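This report covers selected side-chain contacts, ring pairs and helices of one protein model. Please look at the sequence and the structure before reading on.

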Amino acid sequence: MGVEGIGARVVRKEDKRFITGKGRYVDDIKLQGMTHAHFIRSPHAHAKVKKIDSSAALNMPGVVAVLTGQQIVDDKVGNLICGWAITSKDSSPMKMGAWPAMAPETVRFVGQAVAVVIADSKNLARDAAEAVVVDYEELPAVADIHAAIKAGAAQLHPEAPGNQVYDWVIGDEGATDAAFAKAANVVKLDVTNNRLAPNAMEPRAAIADYDAAEEHFTLYTTSQNPHVARLVLSAFYNIAPEHKLRVIAPDVGGGFGSKIFIYPEEMVALWASKKVGRPVKWTGDRTEAFLTDAHGRDHVTHAEMAFDANNKITGLKVKTYANFGAYMSLFSSSVPTYLYATLLSGQYNIPAIHAEVVGVYTNTTPVDAYRGAGRPEASYLIERLMETAARQLKVDPAALRRSNFITQFPHQTPVIMAYDTGDFNASLDAAMKAIDYAGFAARKAKAKADGKLRGIGVSCYIEACGIAPSKAVGSLGAGVGLWESAEVRVNPVGTIEILTGSHSHGQGHETTFCQLVAERLGVPISQVSIVHGDTDKVQFGMGTYGSRSAAVGLTAILKAMEKMESKAKKIAAHALEASEGDIVIENGEFKVAGTDKAIAFPMVALAAYTAHNLPEGMEPGLKESAFYDPTNFTFPAGAYICELEVDPGTGKTSFVNFVAADDFGRLINPMIVEGQVHGGLAQGIGQALLEHAIYDANGQPVTASFMDYSMPRADDLPSFNLSHTTTLCPGNPLGIKGCGEAGAIGASAAVINAITDAIGKNNLEMPATPDRVWRTIHAA
């Protein structure tokens with residue numbers, strides 16, 4: 001490890017522009033002749049659009065156009081798609097209801113757009129939107145899973161009788177039933193995984209610019225994967241051919257999964273730009289974000305776990321109802337199936353598992369991937385089950401987990417996943433030591449004497465990241481491959497540009513990716529720049545989500561680096577009159593091993609471009625690219641333990657300690673990793689204690705602002721005690737597993753397990769607000 005290489009705690013390069021206000025976000029971009037869009041959105045959860053009268057708005061100053069859902073359908077712009085095909089247990093395909101970019105006839109959730117005003121300024125567009133009169137015929141709505149699946153419930157889509165998207169199964173039902181028939185003990189649990197709003201710091205935004213002379217579109221957008229956006233917009237939405245569409249995702253202020261998807265606003269902006277002959281800009285406000293950004297979680301589950309007489313797990317049964325909202329979003333079908341049910345083995349050796357997942361439409365905002373995407377739901381369920389089992393079996397929760405840990409690798413679970421490596425005991429040991437687990441009983445007794453209820457909760461999570469290989473996910477229904485691309489460009493003076501298909505929206509790629517180059521070449525990271533987020537600059541890539549950037553994206557860079565280094569060594573060997581096999585790279589020089597002969601890296605680069613003295617037959621230049629498709633998922637894992645106190649008089653929870661022991665494989669930049677873990681823990685704790693996107697029975701959102709939707713603040717959170725154990729991932733040459741989602745996956749169960757331990761009652765749902773905790777304490 002050098003001072004800036006792998007393992008170094010390098011300060012993030014990109015932060016200079018961010019903390020000085022020099023970042024360039026979509027809303028900062030201004031184009032000549034730019035207009036502004038304001039969407040007219042349905043106030044009803046379910047209604048027919050009878051008539052739209054825009055005559056008054058069109059007569060207002062500065063109004064360029066009022067465009068409707070019927071017009072965009074008439075122009076044959078395609079419906080939004082779901083990109084992962086799921087097949088029900090009866091072999092029928094999933095039931096995908098049509099989702100137009102603006103509703104021509106029927107709205108199915110509050111906030112769905114029916115028309116858009118295009119005007120010379122944002123305020124003029126907003127004022128004109130108030131003058132557009134929409135006549136609705138309100139229809140009955142279903143706002144939650146229970147209402148949607150009742151006999152006679154209002155139907156959202158004719159394609160989906162009973163509001164059912166699919167009824168999917170995984171695992172061996174016969175083997176699982178046999179395990180339960182022989183069980184000495186069976187633990188049962190009903191769990192609701194509460195709906196969340198993503199709340200990235202930067203709201204979504206889009207600017208579309210149509211060049212009539214070139215018949216070419218440019219889209220600036222807040223996207224986590226601009227190349228996939230271009231692919232979908234061209235191939236499925238009929239916006240433009242791929243080579244006539246450029247997508248740019250500049251600085252993006254957070255995503256958490258919610259900016260993976262292509263949204264109606266981007267489609268409408270592109271279409272409207274061509275219609276009006278001017279650039280069109282839309283920047284969402286916070287209320288629009290609450291109404292229209294894809295929500296996360298929202299599962300209702302019944303689970304049962306079977307144990308033998310030695311407290312070994314023998315079987316697991318799970319039935320989950322997953323709320324999809326009003327429409328299927330881009331990856332929504334995969335979240336409660338292949339990203340959730342395949343992780344139901346957790347860290348445990350469970351011989352038989354059977355899971356059934358029923359997808360359900362409701363008159364609410366569509367639900368899709370949100371930080372962790374299926375993995376938090378699986379981990380929460382399993383870790384709540386394990387804690388419940390320990391209480392029912394009257395054994396120590398940590399000991400019960402330890403006795404059921406997987407200890408031999410590789411390990412094939414009954415639900416597809418093949419864990420490659422891990423040391424779950426090491427993580428649990430580290431967490432227990434950090435929190436002084438053995439001394440908890442004495443601390444609990446002292447708290448009781450002080451009138452407080454103290455509890456401790458354990459959560460041992462595992463996740464699957466770097467989703468791959470492409471052939472495998474394709475066989476499971478994925479519409480795209482999940483590889484990554486990279487290109488290394490060495491300029492004639494030796495500066496280096498790394499072009500990556502990954503996208504950074506807070507992860508620190510501009511630093512971490514440079515550290516790999518510094519490690520291999522011994523050059524300062526100031527000599528390296530990272531290029532991403534522009535489909536005209538970077539060859540096709542798959543973007544950033546699922547903690548894939550380092551395990552997949554950085555490995556692609558490594559592969560391209562190896563090609564570049566191989567050519568550079570040939571040039572150096574030729575110049576130094578040495579054998580290529582004797583050339584080593586150290587401290588920015590190509591050296592002949594065992595001698596003092598060397599040539600600086602910039603001189604090798606210059607030689608590649610002057611081409612005056614290259615090896616016979618070698619092409620000039622020093623630029624290489626690579627595509628990397630992993631052979632397996634990666635499997636980050638860890639143990640979290642939370643210690644807290646509950647005030648029985650108010651139900652308020654106060655943290656005493658929170659320890660996190662994670663195994664992420666090799667760490668490129670420990671400081672950035674710790675920042676990622678802190679953020680994930682905040683979101684996991686936020687779900688456990690505070691956050692909940694709520695709708696009333698008529699489908700009206702009642703948490704559509706920060707006045708009503710409670711976000712975690714600094715004083716809601718403990719100071720985290722972090723540590724790392726390391727087993728290197730064998731599936732990629734860097735040994736990386738991924739870190740971006742771990743905190744959000746493991747934290748919630750640790751908190752709820754601790755609260756239920758403190759209050760002595762197991763039936764507590766998230767979010768565990770003071771009111772809910774107080775009522776649980778004092779319930780009969």
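Is Glu202 buried or exposed? Glu202 is buried, because its relative accessible area is 12%; buried means under 20% relative accessible area, exposed over 50%, and partly exposed in between (1.4 Å probe, protein chains only).

The model is predicted, so local features need pLDDT of at least 70 and side-chain atom pairs count only at pLDDT 80 or more, while totals for chains, interfaces and linings use all residues. Residues are numbered from 1 along each chain as its sequence is written, and side-chain values use heavy atoms, with hydrogens and water left out.

**Surroundings of Glu202**

Glu202 sits in the loop between strand S8 (185–193) and strand S9 (205–211). Helices (H or I, at least four residues) and strands (E, at least two) are DSSP runs, numbered from the N terminus. The side chain of Glu202 comes to 2.7 Å from the backbone nitrogen of Gly253. This is a polar contact, a pair of N or O atoms within 3.5 Å; within protein, one must be able to donate a hydrogen and the other to accept it, and residues adjacent in sequence count only if both atoms are side-chain atoms. Leaving out residues up to four places away in sequence, Glu202 touches Tyr25, Val26, Thr222, Asp251, Val252, Gly253 and Lys259, where contact means heavy atoms within 4.5 Å.

**Salt bridges**

A salt bridge here is a side-chain nitrogen of Lys or Arg within 4 Å of a carboxyl oxygen of Asp or Glu. By this rule the model has 40 salt bridges. Three of them are listed below.

| Pair | N to O distance |
|---|---|
| Lys89 and Glu356 | 3.1 Å |
| Glu242 and Arg230 | 3.8 Å |
| Lys737 and Asp663 | 3.1 Å |

Consider the salt bridge of Lys89 and Glu356 (3.1 Å, N to O). Lys89 is in the loop between helix H3 (69–74) and strand S4 (106–107) and Glu356 is in strand S15 (residues 353–361), so the pair ties together parts that are 267 residues apart in sequence. Glu356 is buried, with a relative accessible area of 12%.

Glu242 and Arg230 also meet in a salt bridge through their side chains. Glu242 belongs to the loop between helix H7 (226–235) and strand S11 (245–248), and Arg230 to helix H7, 12 residues apart. Glu242 counts as partly exposed at 30% relative accessibility, whereas Arg230 is buried at 13%.

The side chains of Lys737 and Asp663 form another salt bridge. Lys737 lies in the loop between strand S28 (720–724) and H19, and Asp663 in strand S27 (residues 653–663), 74 residues apart. Both partners are buried: Lys737 has a relative accessible area of 1%, and Asp663 one of 3%.

Salt bridges also join Arg41, Arg204, Glu265, Glu288 and Asp293 into a network.

**Helix H11**

Which residues of helix H11 (residues 397–404) are buried? They are Pro397, Ala398, Leu400, Arg401 and Asn404. Seen down the axis of H11, these buried residues fall within an arc of 165°, so they line one face of the helix; the arc is that of the directions from the helix axis to the C-beta atoms. An α-helix has 3.6 residues a turn, so residues three or four places apart point the same way.

The buried residues of H11 pack against strand S13 (299–307), strand S14 (313–325), helix H10 (375–393), helix H12 (424–435), strand S18 (453–462) and helix H19 (742–759). At the start of H11, a side-chain oxygen of Asp396 lies within 3.0 Å of the backbone nitrogen of Ala398.

**Aromatic pairs**

Rings of Phe, Tyr and Trp (its six-membered ring) pair if their centres lie within 6.5 Å; planes under 30 degrees apart count as stacked, over 60 as edge-to-face and the rest as tilted. The count comes to 23 aromatic pairs. Tyr348 and Phe405 make a stacked pair, 5.9 Å centre to centre with 10° between the planes. Tyr348 is in the loop between S14 and S15 and Phe405 in the loop between H11 and strand S16 (411–412), so the pair ties together parts that are 57 residues apart in sequence. Tyr348 is buried at 0% relative accessibility, and Phe405 is buried at 5%. Ring pairs link Tyr348, Phe405, Phe409 and Phe424 into a cluster.
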